[in-house]
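Please look over the model below before reading my notes. They are written for someone new to reading structures.

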Amino acid sequence: MVHTFGSVASQGRGKQPLALPGQQGASTVLVVLPARDEEAAVGALVRNILTLSMADVLVVDDKSGDGTAEAARRAGARVLRLPLHLGAWGAMQTGLRYALGKGYAVVVTMDADGQHLPATLPMVMDPVARGLADVAVGSCVERASQARRTAWKVLRRLAGLHISDLTSGFRAYNRKAMEILTDPRATLLDYQDVGVFLLLKKAGCSIVEVNVPMQPRLNGHSRIFNTWGCVFWYLLYSGTLCLSKTRHFSIRPTNGWCRP
Amino acid sequence: MVPAMSYKVVSAVIGLAISAVILTLIRRDRLHVRYALWWILVAAATAVFGVFPQIIDVAAKRLGVHYPPVLLLVVALGLILVKMLTMDIDRTRQEQRIRRLAQELAMVRDESTTRPPKPSPLKDSVGKDAP
């Protein structure tokens, strides 16, 4: 499968290098897979992505206890191993920082558990690669359980966001979005959803949603929507975030307090 | 009378003991200077109020507080809350730094352990396999 990224190159305000010389494959797209204890699924996923697309693959190993890093490396991915457990968003941000530093034009993030299908990668990547949006979200509302739907509805209201699948980890970002999300302020987020979207929205990023089919999780389960207790905590967390970050309530400027 | 006497002694002993402990800890470098400043003030305050508890009575009368100990408690509680708040702010800042460092460490580790293909700018990359 061949993708053309010419439009991104011309769109990108002409200040960033597209790929470093000597970069593996010199691709302009990096697929970031944050993985924690995904030894069983990650190898096949990496191989699929590498055969189906021209993208480079980076697995960010969130301090797994199993052989995730080895499996990913054997399959041909580049692997970053975190020394501490940072959670899905922490791992993802590591990937974004890496991509920004290495000069990739587009980053696509996917879950390493096999929920997101490599075949649908071009669908999510395209709007960003062609310069139609800064961020694309691969969403699949059908997969949502009752708990998840309830949570989304509340959060959409609170945050004033119009994204139907808030928690999807299947996303594409361009360099503008990467720059915003690699900021130290984004480091304090614990989840990849509301806080991330609020930051993007505040910075004036355009976000599109792409409907894609998804696989039910092969093994493991959502760490957020595990029990109603978790859902409650998650809503409390995200609700607080919404109240402190949405425009009506924010106290500006935000930089005075924390010395860098 | 005895009761008045003992109350003053107890108060002075407690105040001086607390300030002595704090000052000892500071002198032993258990506290960063940034925090030591705050604690020196606390030590001084406990010593002064311990030895001269009547200061509180006078201050309470001036401020129209009928029951002087309440003034002390309210002010102390307020200061404790402020201190806790600043502690959490500080912890947040440290958490942020730790996370950034962890991310950077992961990237630096990658630089120094990658296989030959591209000549690494790091001199000491011996091409070892990752742990």
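Predicted model: local features only at pLDDT ≥ 70, side-chain atom pairs only at ≥ 80, totals over all residues.

1. Residues are numbered from 1 along each chain as its sequence is written, chains are lettered from A and ligands numbered from 1 in the order in which they are written, and side-chain values use heavy atoms, without hydrogens and water.

2. Chain A has ten helices and seven strands (DSSP runs numbered from the N terminus: helices are H or I, at least four residues, and strands are E, at least two). Of its 260 residues, 55% are buried (under 20% relative accessible area with a 1.4 Å probe, protein chains only; exposed is over 50%, and partly exposed is in between). Among chain A contacts (heavy atoms within 4.5 Å) between residues at least 6 apart in sequence, 76% link residues at least 24 apart.

3. Strand β6 of chain A, residues 171-174, is covered on both faces. A:R171 and A:Y173 are buried on one side, and A:A172 and A:N174 are buried on the other. In a regular strand the side chains alternate between the two faces of the sheet.

4. Which strands pair with β6(A)? Strand β4 (residues 106-109) of chain A runs antiparallel to β6(A), with four bridges, and A:T109 stands opposite A:R171. Strand β5 (residues 135-139) of chain A is also antiparallel to β6(A), with three bridges; there A:A136 has A:A172 as its bridge partner. Pairing requires at least two DSSP bridges between two strands.

5. The largest nonpolar core has 50 residues, and A:Y173 and A:L181 are among those with the most contacts inside it. Such a core is a set of buried Ala, Val, Leu, Ile, Met, Phe, Trp, Tyr and Cys residues joined through side-chain atoms within 4.5 Å. Helix α4 (residues 87-102) of chain A gives the largest share of this core, seven residues. Another core, of 34 residues, lies apart from it and includes A:L33 and A:F170.

6. Leaving aside neighbours within four places in sequence, A:L181 touches residues including A:W89, A:Y173 and A:L200.
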